[in-house]
Amino acid sequence: MKHIAVIGSGTMGNGIAHSFAQHGYMVNLVDISQEALDRAIKTITANLDRQVAKELISESGKESTLKNITTFPDVETGTMSADLVVEAATENTDLKLKIFKQLSACCKPEAILATNTSSISITRIAAATERPAQVIGMHFMNPVPVMKLVEVIRGFSTSDETTRLVMELSEKLEKTPVEVNDYPGFVANRILMPMINEAIYALHEGVAGVTEIDTVMKLGMAHPMGPLQLADFIGLDVCLSIMEVLYQGFGNTKYFPCPLLVNMVNAGHKGIKSGNGFYTYEKGRKELVVAPSFR
């Protein structure tokens, strides 16, 4: 597989495109918004500049990476020649089913169709296509160029050959692929999201404040980031969506989203992406935690 198409140019999509292009793959970055595509190239360039500054890559490595990426505002044109398509659109089931139905029709017959979904059933997505044996999950972690893990999720019909090819491809990206089966939340989010949700319940019930909860987990459990700060980093809307998938998939009240999380998302407090969540973030420096915004 030499020619890769990535659907969606947001945080995960541009990170996935960056990683493939940096390792010599020709990448078509696809998004229906030209503005989003332009913003993605700007983000990738800035991230490459940071790698150059840290002497992780050379200036020529940066330039060759950018040359390997071509943007397309049309799904059919951007994916028709791809050996592998990685969908990284919004975590919305109906949207993903629509995209995969379209990909099944316009991609070449031998192409593998992967999704970066963090919780939605691979089996259900595959059922929207005419090639379920060639549909698989590739759950990259954020930030993609830095994080080594790729959860490789087999759907009910995913073939051994598709799994083997994707595992080998992930290793060529200098990632560590871990094969898991298709159950709600897979492994990463089945374990992580209930922990985050429980931290939000602890805040909601007045057990402790934002910084206190995060400090306990950082210093007591050696987590590099507290669960509430991590929720802001992931996106509170994404956390809520995953908790809803877990609750619907298992029907167990332990997966019920905390009412505080629901209210914050409904109020537009989505974490770093909105500038406010459990912490507030300075405009233009969204990676910098300023202060707790909720107690």
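**Notebook: loops and helix packing**

I began with Glu55, which sits in the loop between helix H2 (34–53) and helix H3 (59–67). Helices (H or I, at least four residues) and strands (E, at least two) are DSSP runs, numbered from the N terminus. The model is predicted: local features need pLDDT of at least 70, side-chain atom pairs count only at pLDDT 80 or more, and totals for chains, interfaces and linings use all residues. Residues are numbered from 1 along each chain as its sequence is written, and side-chain values use heavy atoms, with hydrogens and water left out.

Glu55 is not a glycine, yet I read a positive phi for it, near 60 degrees. Glu55 is exposed, at a relative accessible area of 72% (buried means under 20%, exposed over 50%, partly exposed in between; 1.4 Å probe, protein chains only).

I then looked up Glu174, in the loop between helix H7 (160–172) and strand E8 (176–181). Its phi is also positive, about 65 degrees, although Glu174 is not a glycine. Glu174 is exposed, with a relative accessible area of 51%.

From Glu174 I went to Tyr279, 105 residues apart along the chain; their C-alpha atoms are separated by 33 Å. Tyr279 is in strand E9 (residues 279–282) and is buried, with a relative accessible area of 5%.

I checked the peptide bond from Asn142 to Pro143 and found it cis, with omega near 0 degrees. Pro143 lies in the loop between strand E6 (135–140) and strand E7 (149–154).

Next came the helix pairs. I took the axes as lines fitted to C-alpha atoms, for helices over the stretch in contact, with angles from 0 to 180 degrees between N-to-C directions.

For H8 (residues 188–204) and H11 (residues 236–250), the axes come within 10 Å and cross at roughly 115 degrees. I therefore logged H8 and H11 as roughly perpendicular (under 35 degrees is roughly parallel, over 145 roughly antiparallel, 65 to 115 roughly perpendicular, the rest oblique). Asn189, Arg190, Met193, Pro194 and Asn197 in H8 meet Cys239, Ile242, Met243, Leu246 and Phe250 in H11, where contact means heavy atoms within 4.5 Å. I sorted the residues of this contact into seven nonpolar, two polar and one charged (Ala, Val, Leu, Ile, Met, Phe, Trp, Tyr, Cys and Pro count as nonpolar; Asp, Glu, Lys and Arg as charged; the others, Gly among them, as polar).

Leu236, Asp237, Cys239 and Leu240 in H11 meet Leu261, Val262, Met264 and Val265 in H12.
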